[in-house]
Amino acid sequence: MKRNRAFSFALTAPSMVLLALLTVFPLAFTVYFSFTNLNMIKPDQMKVVALKNYVRIFSDPYFLQALGNTLKFMVCAVVIETVLGLLIATFVHNLTRWQKFVRTFLLTPMILPPVTAVLIWRIMLSNNYGIINKLLEAFSIQPVAWLNEVRTAFWCILLIDVWQYTPFAFLLLYASLQGVAKQQYEAAQIDGAGTVAQFFFITLPNISGGILLVVLMRAIDSIRLFDKVNILTRGGPANSTATITQYIYNYGVGSFKIGYSSAGSVIMTLIVLLISAAYLTRTFGTGR
Amino acid sequence: MKKSLVILLVWAMVFCVVFGAVSAQETLTVAARGGSHVDAMNAVKEAFEAEHGVKVEILGLESADLKQKIGLDSINEVGELDLVMVDDPWMPEFGENGILANLTELGYETDDDFTPNSLALGRVPYGVGDQYALPFSGNVILFFYNKSLFEKYGVSEAPTDWAAVLEIAKKVSEGGEIGYVIRGTQGDPIVADFLPLLWAFGGGVFDDNFNVTINSEEAKAALELYIELLANGVNYEKNDIVAAVSDGKAAMSLGWPSWYISGETASAAYAPIPGKIDADAERNNAGMIGNWLLGITANSGKKELALEFLKFVTSAESQKTGALNGGVPTRRSVLTDPELTEKYAYFPTLLEATLESVARPRTPLWGEVQTALGAELSAAISGVKTVEEALAVAQSQIEMIME
C-alpha cells in the first residue's frame, strides 16, 4: 500500500511542481504585492502599505463603474451565448443532411485570431466607410457612430463577443447532445411526449453538465474582456465600456504600478472564484 | 577509430572558431517604436555597422509593449537594450527614475541645429536640465482642412482663430456637409484633440506649480466650444477623420501630419493650429508637440558606442536619408533642406509649428492624468455629464492621482 502511494506520488510530483511554479507561486506573489506599493521601475522603494491599494481601488468611481460594466457584460454574454449556442446545437444535431458542413462553417468566427476579428469589426462599424452604415444609408437611414455613442458602444462590443464565442458554446453543447442516448427519446415518444417536453425533460437534464461548463468557461473568459475594448473604444464613451482588466491596465500596468494592479487582479480572481464555486462544488464536492 | 576522433576534434575546433568569431562581434540593441521609425533607422544603420565593425539590432515594438519592455529591462544589472525610443510624455517618468543615461555626463554637447522645443523634451528636468535623450522623430499637431469645401463655401484661407473655425463649421454644416471632425475616442485621442483648444483659450491642466487647473473658466469655454464644434460636425476615429477630410466629406479637423501626408503628397491642406479665441484675442501657442526621442539605457554595457550611434542616427545626414524613408526630421537644416522641401512641402510648416509648440504637462503621472481627463471629456461630449460636472470630476480625479 505504502509502495503504491509512493509510486503515485512519484508520478504526480512533476505535474505538482509545474503547477506550483506556474500557478501557486505567481498567485501568492500577486496577493503579496497587492499589499505593497511596488513600482516595477523602482523595486528598491517597495514598502508594505497594508490595505491602502484596496481602499483606494474601492473608493475610485472609475473602478466601480468598470466592475459594474464587467458584471453586466458577463451576464449578458453568458446568457445570450449559452442560449444561442444551445439552439444552434439542437438545430445542427437534428439536421439530417449538411451536418458536417454547417458544423465547420459555424466554427469560423472562433478560429479567427481575436485581434483580427476585432479589426474586421472596426472596419465594418466605421462611421465613415463601414459597410453597416453604408447599408443604412442605402435605406435612407442616418449613419450611426456605433462605437462613439453611449447607447450603442457597449452593445456593439457584446455583439462582437456573441458572434465570436457562440460557436464555442455550440461546440461544447453539440458534443453533449451527441452523448444523449436515443432510446430515451424513443421511450418518451411511446409515452406520448411532444418535442418541447422531450427537450425539457430529456435533453436539458442530460446536457446540464455541458451547460454548466459553458456558463463557467464563458463567465471566466468574459470577465477578462480586454482586447475588444482596448482596440475599439478604450473604455469609452463616458466609461460605458470600461472593464476591470482595462482599468488595471490603465491605472496599474501602464504606469508600472505592480502593487496597485495586483490588488485589482486579486479582486478579479476572487470574483472568478465566486462564480466558479457552484461548478467546483458540483465537480469536486460530491467526489466525482 | 583514432582517425574519426581526430576528424571530430578538428571539426569541433572549426565550429568553435567560427561561432566564437560571430558571437564576438559586438551588437548594439535598439528598442524602437515599430513602423516608419524602424524603416528610417534601418536605412542608415549599415554605414555605422561598417565603420565600427558592430551589428545594430533594431527591435520594432508597439508603443505599450515598448514601454513595458524598457521598464522590465531597466531592473537588470546589465540591460539587454542599449538604446531605446521614448515617447516624449514618458520622459519625466524615465528621466526621474534613472532609466536613461545622462548624455551630458557622457560628453554629449548640445547641437543647436535641433529645434529647441524638441531638444527641451529630452532634458531632465524638462527644458533646463541635462540632456538624457535626443529628438529622433518630430511631429506637431496641425490644422487640416479641405480646400475644395472651403472654396465651395466661400472661405479663402485657413482660419487663425477658433471663432472663425466655428463660423466655417456652421456654414458647412448648414450646407448639409460635415463642418468639423473631432477625435473624441476616450483616452489619449480626445485629450490630444482637446488640449490645443484649451491652450488657445489660455487654459491648462496644471499651472506652473503643478496645481490642477482643469476646472477653470478657460477650460469651460474651450469644452463648450468643442461640444459646439461637434454639434456642427461628427466624432470620428483617426482613419475616418483622414478619409472624411481628404475626400471632401468634412471641412476641418486637427491631426498629426503623418496621418494625412504619406510620401510626397498632402491629401488635405494644412496650417498651424489657431491660437486665438477670436480675431481680437491674444494669441497663445496651441500646437501640441509629439516627438519620439532616442536615449541610452543607464544599464547599457556599451554606453560609449551607443552614444556614437545616437549621434550618428540623429545627424543631419542620417535624418535626410531617414526622411526619404518615412522619417520626420527634428533638425532645422533638414526641415529646410531645398531637396527635401521640394518633395515634402509641409516641412517648413512643421518647423514653424514646432518652434511655437507646447509640450504635454511634464509629470511622471501623465499617463493616469490623461486617462482620467479623457474619461471626463468623453462624458461631457456624450452628454452623460454637463461641462461643469465633467470638469469638476476631472479636477478631483487628477488631484487624487497627483497626491
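Q: Where in chain B is B:Pro125 found?
A: B:Pro125 sits in the loop between β4 (123-124) and β5 (130-131) of chain B. Those element names come from DSSP runs, numbered from the N terminus: helices are H or I with at least four residues, and strands are E with at least two. Before we go on, this is a predicted model, in which local features need pLDDT of at least 70, side-chain atom pairs count only at pLDDT 80 or more, and totals for chains, interfaces and linings use all residues. Residues are numbered from 1 along each chain as its sequence is written, while chains are lettered from A and ligands numbered from 1 in the order in which they are written.

Q: What should I look for in the backbone there?
A: The general idea is that most residues other than glycine have a negative phi, and most peptide bonds are trans. Here, the bond from B:Val124 to B:Pro125 is cis, with omega near -5°. Chain A has a cis bond as well, joining A:Gly236 and A:Pro237, with omega about -10°. A:Pro237 belongs to the loop between α12 (227-232) and α13 (244-251) of chain A.

Q: And which residues show a positive phi without being glycine?
A: Take A:Ala238, whose phi is about 50°, and B:Phe210, with phi near 60°. A:Ala238 is in the loop between α12 and α13 of chain A, and B:Phe210 is in the loop between α8 (188-200) and α9 (217-231) of chain B.

Q: Is A:Ala238 buried or exposed?
A: You count neighbours: a residue is buried if 20 or more other C-beta atoms lie within 10 Å of its own, exposed if 12 or fewer, and partly exposed in between, with C-beta atoms placed from the backbone. A:Ala238 is buried because 24 other C-beta atoms lie within 10 Å. B:Phe210 has 13 such atoms within 10 Å, so B:Phe210 is partly exposed.

Q: How do I read a strand, say β15 of chain B?
A: In a regular strand the side chains alternate between the two faces of the sheet.

Q: Which strands pair with β15(B)?
A: Two strands pair if DSSP finds at least two bridges between them. β3 (residues 83-87) of chain B runs antiparallel to β15(B) and is joined to it by 5 bridges; B:Val86 stands opposite B:Leu293. β6 (residues 133-137) of chain B is also antiparallel to β15(B), with 4 bridges, and there B:Ala133 faces B:Gly295.

Q: What about a loop residue such as B:Arg360?
A: B:Arg360 lies between β16 (357-358) and α17 (366-382) of chain B. It counts as buried because it has 20 C-beta neighbours inside 10 Å. Contact is the other thing to check: two residues are in contact if their C-beta atoms, placed from the backbone, lie within 7 Å. Leaving aside neighbours within four places in sequence, B:Arg360 is in contact with B:Pro89, B:Met288 and B:Trp366. B:Pro89 is 271 residues away along the chain, yet the C-alpha atoms of B:Arg360 and B:Pro89 are separated by 6.7 Å.

Q: How is chain B divided into domains?
A: Domain bounds come from an automatic or database domain assignment. In chain B, domain 1 covers 23-138 + 290-358 and domain 2 covers 142-288 + 365-402. Their contact takes 14 residues from domain 1 and 15 residues from domain 2.

Q: How many residues of chain B are in contact with chain A?
A: 24 residues of chain B are in contact with 24 residues of chain A. On the chain B side, α17(B) gives the largest share, 7 residues. By class, that side has 10 nonpolar, 12 polar and 2 charged residues. Here Ala, Val, Leu, Ile, Met, Phe, Trp, Tyr, Cys and Pro count as nonpolar, Asp, Glu, Lys and Arg as charged, and the others, Gly among them, as polar.

Q: And what makes up chain A?
A: Chain A has 14 helices and 0 strands. Of its 288 residues, 33% are buried.
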